Amino acid sequence: MSQLEIKNLHVSIEGKEILKGLDLTVEQGKVHAIMGPNGTGKSTLAYTLMGHPAYTVTEGEVIFKGQNILELEPDERSRLGIFLAFQYPVAIPGVTVANFLRTAINARRRAENPEDKGIPIPEFRKLLKEKMAMLKMDPNFAGRYLNDGFSGGEKKRAEILQMATLQPEIAILDETDSGLDIDALRIVADGVNALMSKDLGVLVITHYQRLLNYIKPDYVHVMMGGRIVESGGPDLALHLEEKGYEWIREKYVEEEAAA
Ligand code: ADP
Ligand code: MG
């Protein structure tokens with residue numbers, strides 16, 4: 001069983017420190033939720049884990065399968081089993097969903113073995129059909145151009161289908177600031193629940209408690225000031241929904257003052 005171990009992570013953007021010593025471990029088979037006020041660095045964490053070049057790691061490490069993934073390129077992280085579902089996926093007119101997924105699978109296979117001929121078409125069709133059925137998707141979806149004119153919900157479906165096809169071991173879902181409607185939330189949640197297994201660890205990032213009505217987290221963490229300041233079970237999310245973030249902010253400020 002692998003786990004993603006984030007240790008003392010410090011990250012800056014344009015010279016400003018956003019993550020200030022974040023520690024968190026996400027195990028395969030578990031759902032961890034991160035909640036926190038806007039601007040606290042939740043998306044910064046997601047992008048840093050995947051290797052976005054705008055974010056500079058100044059201290060700390062992220063260990064997965066015995067490697068510090070911060071030293072790897074995004075595609076290497078992906079091959080190692082890490083996946084990030086984008087909040088705002090990019091449209092690629094002219095490239096169908098099926099083509100995109102097949103290209104992604106083949107890129108992985110060729111990185112492992114340069115001689116690889118790519119996934120045989122019948123095998124790919126079977127895989128795609130199976131995953132789309134599991135996610136209750138209309139088969140016509142595969143023939144549409146990726147995200148081109150997709151509704152918010154359809155974009156989410158495409159991300160989840162990509163996750164189903166690439167079969168990551170750790171999936172990061174950043175849902176934070178988007179105005180996801182209840183249908184889109186359900187799509188994400190149903191997709192994640194359908195894919196959930198002992199081999200998949202999920203880090204779901206959300207500003208709102210309501211997503212966690214559909215994806216049941218095993219652990220909930222509160223992020224504030226670029227750090228995890230409180231961790232607990234699912235009850236913590238409900239408590240936050242009721243009481244807001246202020247009580248944690250006060251407690252955290254007191255702790256800082258005492259330190
Ligand atoms: P959250 O996802 O918790 O709302 P973010 O990680 O998006 O927070 O942002 C954390 C802080 O970093 C904010 O103060 C934000 O303004 C700043 N920030 C994020 N991305 C950028 C960027 N590309 N350029 C400059 N500042 C950024
Ligand atoms: Mg965000």
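At 38% relative accessibility, Lys65 counts as partly exposed, a class that lies between buried (under 20% relative accessible area) and exposed (over 50%), with a 1.4 Å probe and protein chains only. Lys65 is placed in the loop between β4 (56-64) and β5 (67-68); helices (H or I, at least four residues) and strands (E, at least two) are DSSP runs, numbered from the N terminus. The phi of Lys65 is near 50°, a positive value in a residue other than glycine.

Glu14 also has a phi near 50°, again positive in a residue other than glycine. Most residues other than glycine have a negative phi. Glu14 belongs to the loop between β1 (3-13) and β2, and with 82% relative accessibility Glu14 counts as exposed.

## Basis of the model

This is a predicted model, in which local features need pLDDT of at least 70 and side-chain atom pairs count only at pLDDT 80 or more, whereas totals for chains, interfaces and linings use all residues. Residues are numbered from 1 along each chain as its sequence is written, chains are lettered from A and ligands numbered from 1 in the order in which they are written, and side-chain values use heavy atoms, with hydrogens and water left out.

## The surroundings of ligand 1

Ligand 1 is surrounded by 14 residues, of which the closest are Gly39, Gly41, Lys42, Ser43 and Thr44; a residue is near a molecule if one of its heavy atoms lies within 4 Å of it. By class, this shell has four nonpolar, six polar and four charged residues. Here Ala, Val, Leu, Ile, Met, Phe, Trp, Tyr, Cys and Pro count as nonpolar, Asp, Glu, Lys and Arg as charged, and the others, Gly among them, as polar.

Several backbone atoms approach oxygen atoms of ligand 1. A polar backbone atom of Gly39 is 2.7 Å from one oxygen atom of the ligand, a backbone N or O atom of Ser43 lies 2.9 Å from an oxygen atom of ligand 1, and for Thr40 the corresponding distance is 3.2 Å. The protein covers 67% of the 550 Å² of accessible area that ligand 1 has on its own, with areas taken from the Shrake-Rupley method and a 1.4 Å probe. The elements giving two or more residues to the shell are β2 (16-27) and α1 (42-50), and the largest share, three residues, comes from α1.

## Nonpolar cores

The largest nonpolar core has 49 residues, and those with the most contacts inside it are Leu128, Leu161, Val204, Ile215 and Val222. Such a core is a set of buried Ala, Val, Leu, Ile, Met, Phe, Trp, Tyr and Cys residues joined through side-chain atoms within 4.5 Å. Helix α5 (residues 152-166) gives the most to this core, with six residues.

Leu161 touches Val97, Leu101, Leu128, Lys131, Met132, Leu135 and Met137, not counting residues up to four places away in sequence; contact means heavy atoms within 4.5 Å. A second, separate core of 29 residues includes Leu70, Ile172, Leu203 and Met223.

## Two buried polar residues

Gln28, in the loop between β2 and β3 (31-35), is buried, with a relative accessible area of 9%. A polar atom of the Gln28 side chain lies 2.7 Å from the backbone nitrogen of Ser2, and one lies 2.7 Å from the backbone oxygen of Asp199.

Asn106 is found in helix α3 (residues 97-112) and counts as buried at 8% relative accessibility. Beyond residues up to four places away in sequence, Asn106 touches Gly118 and Ile119.

Note on methods: Polar contact = N/O pair within 3.5 Å; in protein donor to acceptor, adjacent residues only side chain to side chain.
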